[in-house]
Amino acid sequence: ALKYDVASVCCKPADVAFCADILRGSDVHVGTVVGFPHGNSATSVKVFETKQVVADGATEIDVVMNIGWMKSGMYDEVRDELAAVVAAAGGHQVKVILENAYLTKDEIVKACQLVEASGADYVKTSTGFASGGATVHTVSLMAKTVPGLGVKASGGVRTLDQLIDMVEAGATRVGASGTAAILAEFDAK
């Protein structure tokens with residue numbers, strides 16, 4: 001993360017303090033995920049996790065939306081839970097992972113609207129652990145639905161061309177585990 005001066009590094013919640021110590025004084029943010037991997041934790045657990053990782057030095061919090069609630073049409077509960085995480089983040093950036101592989105087009109639109117209503121900063125395509133990750137179609141749909149929010153394409157972005165496609169579709173941030181390979185590809189071109 002320091003070598004390539006990326007926007008942030010995403011680590012396990014247990015490693016936040018370690019990463020924050022290493023990155024102190026740099027421009028690289030420390031991020032982590034709460035409610036990982038399926039978003040099924042109780043709201044109180046997500047709030048507690050958020051407060052803990054902020055205390056440990058996280059400045060970016062990704063939260064997995066409760067997909068079961070979303071699929072069940074429990075929209076108020078989804079919005080309220082996300083708003084509680086935003087409040088617990090204390091002004092730090094919050095990105096909401098929708099896990100688009102499990103949602104219909106209409107559900108993606110509705111989820112984006114709920115994220116916006118919650119006060120979160122970003123909508124994010126995937127944890128990277130579902131059957132599908134970011135696609136140009138869903139990134140474009142998300143960007144058009146909530147133009148005031150950031151859109152993070154995550155899951156399956158492994159090449160420079162894929163990264164460029166995501167940015168052209170409206171992604172303002174791209175998560176990739178192969179950053180070094182993508183940047184090497186960029187340097188080679």
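1. An open sheet is formed by seven strands in the order β1-β2-β3-β4-β5-β6-β7, and the pairing is parallel. β1 (8-11) and β7 (173-175) stand at the edges with a single partner strand each, so one side of each is left without a neighbour in the sheet. From one strand to the next the twist averages 25 degrees; this angle runs from 0 to 180 degrees between the N-to-C directions of axes fitted as lines to C-alpha atoms. Strands (E, at least two residues) and helices (H or I, at least four) are DSSP runs numbered from the N terminus, and two strands pair if DSSP finds at least two bridges between them.

2. The model is predicted: local features need pLDDT of at least 70, side-chain atom pairs count only at pLDDT 80 or more, and totals for chains, interfaces and linings use all residues. Residues are numbered from 1 along each chain as its sequence is written, and side-chain values use heavy atoms, with hydrogens and water left out.

3. Strand β4 (residues 93-97) is largely enclosed by the rest of the structure, because four of its five residues are buried (under 20% relative accessible area; exposed is over 50%, partly exposed in between; 1.4 Å probe, protein chains only). Five bridges join β4 in the parallel sense to strand β3 (residues 60-64), with I61 opposite V94. Three bridges, also parallel, link β4 to strand β5 (residues 122-124), where V123 stands opposite V96.

4. V174 in β7 is the bridge partner of A153.

5. Helix α4 has 14 residues and spans 20 Å from first to last C-alpha, close to the 20 Å expected at 1.5 Å a residue (1.5 Å times one less than the number of residues). Its buried residues are V78, E81, L82, V85 and A88. They cover an arc of only 120 degrees around the axis, which puts them on the same side of α4; the arc is that of the directions from the helix axis to the C-beta atoms. Their cover includes α2 (43-56), β3, α3 (67-71), β4 and α5, contact being heavy atoms within 4.5 Å.

6. After α4 comes G90, with a positive phi near 60 degrees.
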